[in-house]
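User: I would like to go through a structure with you. Could you take my questions one at a time?
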Amino acid sequence: MIAERIRILIIIMFPVFLMPQSSYIDSLFIKANQEYSAQNFASASNMYHHIMNQGYGHADLFYNMGNAYYHLAQLGDAIWAYEKGLQLNPRDGDLRFNLKVANARMIDRVEAPDSFVLLDMYRSIKYGFSSRQWLDLIGILVLISGLLFIVSKYVMISFEKILRKITWTLLGIALVSLLVFFDQYYELSKREEAIVVSNKVDVYSAPTNLSSLVFVMHEGTKLKVTNNQPPWIEVELIDGKKGWVTTELIREL
Amino acid sequence: MKFRFLLSLFLFSSYLIGDIKVYSTVDDNHITINEAINFKVIAEGSKGFPQLDISQVADFSVISGPSQNSSFQWINGEMSSSKILSWTLIPKKVGNLRIPKMSVRVDGKKYTLSPIKITVIKSPVYSQKGKKKQGRQNKETGPPEIFLKAESDKTEAFQGEQITVYYKLYTRVKLRQYSVEKKPQGVGFWQEELYAPKQPILRDTRVEGVQYRVATLYKMAIFPTTNGDLLLDPMVLNCTVEIPGKSRFSPFFDDFFSDSFFGRTKSLVVQSQSLELKVHPIPDVGKPLNYTGAVGRFTLDSYVDTSVVEANQAITFTVELKGTGNIKLFDMSPPEFPQTLEIFNPKAFFKKDEFRDDITGVKRWEYIIIPRKAGRYFIPQQELTYFNPQSEEWESSSTEVISLTILPSKHISDQPTGLTKEEIALLEQDIRYIHTKPMRLKPVERRLISLTFIWANMLGLLLFASPKLVEAFRTNLNGDSGISRAKRALRKANRQLKKVTNHSDFETISRQIYEYFGNKLNIPSVGLDSQQVQSILSEQISSDLVNEIVKIIEQCEQGQFTPESQEINAMELARTASLVLSKIDRKL
């Protein structure tokens with residue numbers, strides 16, 4: 001009974017022990033990279049896809065997948081993979097660069113309406129970290145301030161005042177970060193995004209082919225999913241245009 | 001052989017000032033309109049060349065000169081030198097002309113040249129109408145040996161219409177060589193030289209009964225660029241002809257020498273007449289708004305090398321203009337290409353049909369088109385409206401609409417329009433290479449809260465709490481300190497009171513009560529009695545509770561001595577005591 005409890009506790013605390021045998025996956029990843037190097041982009045992308053379907057995820061996996069798609073001229077899928085990778089690691093320079101390169105080759109130019117500068121700054125900070133990264137940051141801030149607290153109390157008593165101030169500042173930052181995290185988490189939980197993967201997509205005013213055509217989108221365009229009525233979904237562009245498309249033409253993020 | 005050609009006529013006036021003698025001469029003072037004279041200014045014994053302004057000679061135009069010449073002579077052992085300036089002049093009109101009195105500077109001194117009279121007569125043959133019999137005006141001249149005639153295919157034309165002008169040299173003497181001194185020129189024309197053989201072909205012809213040989217030396221097409229009466233200036237030739245030398249040699253040798261290069265030659269300047277042309281403006285009726293000035297007959301055509309390509313592959317689109325007319329003088333505006341096609345500046349070619357007198361040719365514009373997006377595009381038709389001077393009507397020629405089918409590109413490089421600078425820079429770049437560093441892939445973490453978060457927060461909070469925890473731990477170690485005693489007093493008392501199982505164990509109850517107060521109030525418990533308890537408690541809690549506990553203590557004391565007399569047993573009393581103590585503990 002106690003032994004069982006300890007086991008569960010260990011599993012919760014150190015899930016590394018729970019890891020299934022993943023050397024197969026790792027070798028598959030290496031093999032896929034070799035296929036990519038040999039210009040066999042189709043098989044490389046299939047392998048990356050397989051790894052992803054096994055439930056594995058890493059920014060590099062999506063990065064490599066995106067590159068393979070890019071070389072296969074599947075611009076929409078490439079952008080999808082890069083976006084996916086950036087969800088895991090929003091500050092990866094290579095991912096950002098390749099996404100920019102891919103975006104530059106897109107046919108559609110959807111201009112986001114101008115927004116307030118400070119708001120843009122806040123948004124870029126907010127999405128500069130993933131939700132998990134925000135939480136980890138908060139944890140680390142709390143830990144550092146705890147250590148400083150101890151130091152100020154027992155070790156460097158002569159600097160107590162300054163150290164206390166730093167401690168409280170760090171705790172304050174942690175609190176603000178927590179608020180930012182909640183804001184981001186709330187927004188992300190509400191938000192569903194998708195990328196157009198079909199070369200050309202007709203967007204209808206209602207979930208039927210018989211309705212009028214509102215506009216046409218091309219591969220790589222990022223959309224907000226606002227409503228779902230299988231097999232139709234309602235999408236919104238960042239410039240505010242709305243319409244219905246069928247699901248197989250887009251790929252949800 | 002006429003004497004005037006042999007004679008060098010010196011009409012001079014000389015001034016002897018020191019050793020310098022300045023005078024002017026002409027080689028002939030009786031000429032026809034198409035002949036030239038040689039005008040010389042000679043300074044004998046001077047160091048430098050004479051200086052004078054030739055533009056004072058109003059009746060003649062200068063064909064060439066001045067040419068400078070120095071000569072030295074020894075006469076009777078004395079050396080004399082002379083400096084000669086010479087000009088070739090042609091008369092501007094018929095009549096008694098003169099070279100006016102002119103002042104000339106030689107070696108810083110002024111001299112005056114006397115005027116020279118020159119008689120210019122009409123040339124009998126080449127005059128435009130040529131009706132007069134030759135030799136009537138001047139018996140001495142007779143029909144000219146050589147003359148140049150300008151002919152045009154028309155004397156009236158529309159603006160922009162081609163007029164072809166021929167310059168024909170008629171000669172009765174042997175022509176050794178000729179050079180063009182002055183090409184015909186005129187204001188208000190665009191001229192284009194037409195093909196003429198390098199070696200003119202001479203044909204026999206008769207002009208008013210006189211045998212001549214004729215050759216077309218020069219041909220040109222002129223296109224009037226303005227309208228009105230236009231004048232084409234004459235062409236001037238410098239010819240070298242043989243002098244038939246019958247008088248010099250015996251008839252026996254005559255043919256031999258006159259035909260050979262032993263024959264004497266002389267140089268002549270031959271001038272054509274000017275041409276007067278009447279140019280009509282192009283009629284305004286029916287003139288299109290975008291008229292670019294085309295006059296002639298043209299056909300416009302356009303084609304592409306291929307009409308079905310992938311995006312980003314080049315198409316060559318050619319516009320071809322064929323025809324006769326002022327093809328070089330107007331341009332075609334490019335067609336209006338669809339926006340999504342990238343058009344490079346056209347290369348223009350012109351190929352002239354050399355052997356036709358009417359300027360005929362093909363003008364070609366080659367456009368390189370690079371479609372950037374897939375789809376179906378149309379290059380609209382182009383139209384050229386031109387004026388046909390023959391029918392005197394407006395005509396037009398247009399191309400067909402060309403349809404292009406652009407297939408989607410197999411490569412990702414569809415270049416959309418409206419790119420920013422940054423995006424254009426990005427288009428030139430390739431994506432960065434994949435990450436190949438071996439790594440341990442982990443299943444996607446679905447949980448939001450990571451271990452880092454849990455551990456870091458736990459540790460951090462623990463650190464904040466640690467001072468308190470350390471203190472509590474210390475208190476626990478030396479457990480008898482007053483505060484902890486006080487905290488645990490009630491619990492200890494209650495625990496002991498529960499152990500009272502004997503009906504007569506009143507002593508334990510009273511001892512526990514005293515110990516409780518001892519622990520709680522941090523006073524020695526030994527030697528306490530009910531009076532002391534009452535006096536201490538009455539300051540802090542209500543008298544009811546004090547009375548209750550005092551009553552219990554008294555009951556205990558009584559019970560110790562007479563256990564049977566008590567109406568309640570020790571167990572019940574212990575329970576009451578613990579209740580009362582709990583109440584008291586809350587107040588203290």
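User: In which sense do strand 11 and strand 20 of chain B pair, and over how many bridges?
Analyst: Strand 11 (residues 156-158) and strand 20 of chain B pair in the parallel sense over three bridges. Strands are DSSP runs of E with at least two residues, and helices are runs of H or I with at least four, numbered from the N terminus; two strands pair if DSSP finds at least two bridges between them. This is a predicted model, where local features need pLDDT of at least 70, side-chain atom pairs count only at pLDDT 80 or more, and totals for chains, interfaces and linings use all residues. Residues are numbered from 1 along each chain as its sequence is written, with chains lettered from A and ligands numbered from 1 in the order in which they are written.

User: What is the bridge partner of Glu156(B) in strand 20 of chain B?
Analyst: That partner is Lys278(B). Asp229(B) also stands opposite Lys278(B), and strand 17 (residues 228-232) of chain B pairs with strand 20 in the antiparallel sense over five bridges.

User: Which side chains of strand 20 of chain B are buried?
Analyst: Leu275(B), Leu277(B) and Val279(B) point to one face and are buried, meaning that 20 or more other C-beta atoms, placed from the backbone, lie within 10 Å of their own.

User: Changing topic, how many residues of chain A are in contact with chain B?
Analyst: 47 residues of chain A are in contact with 40 of chain B, contact being C-beta atoms, placed from the backbone, within 7 Å. Helix 8 of chain A gives the largest share of that side, 15 residues.

Technical notes:
Buried ≥ 20, exposed ≤ 12 C-beta atoms within 10 Å, placed from the backbone. Contact = placed C-beta atoms within 7 Å.
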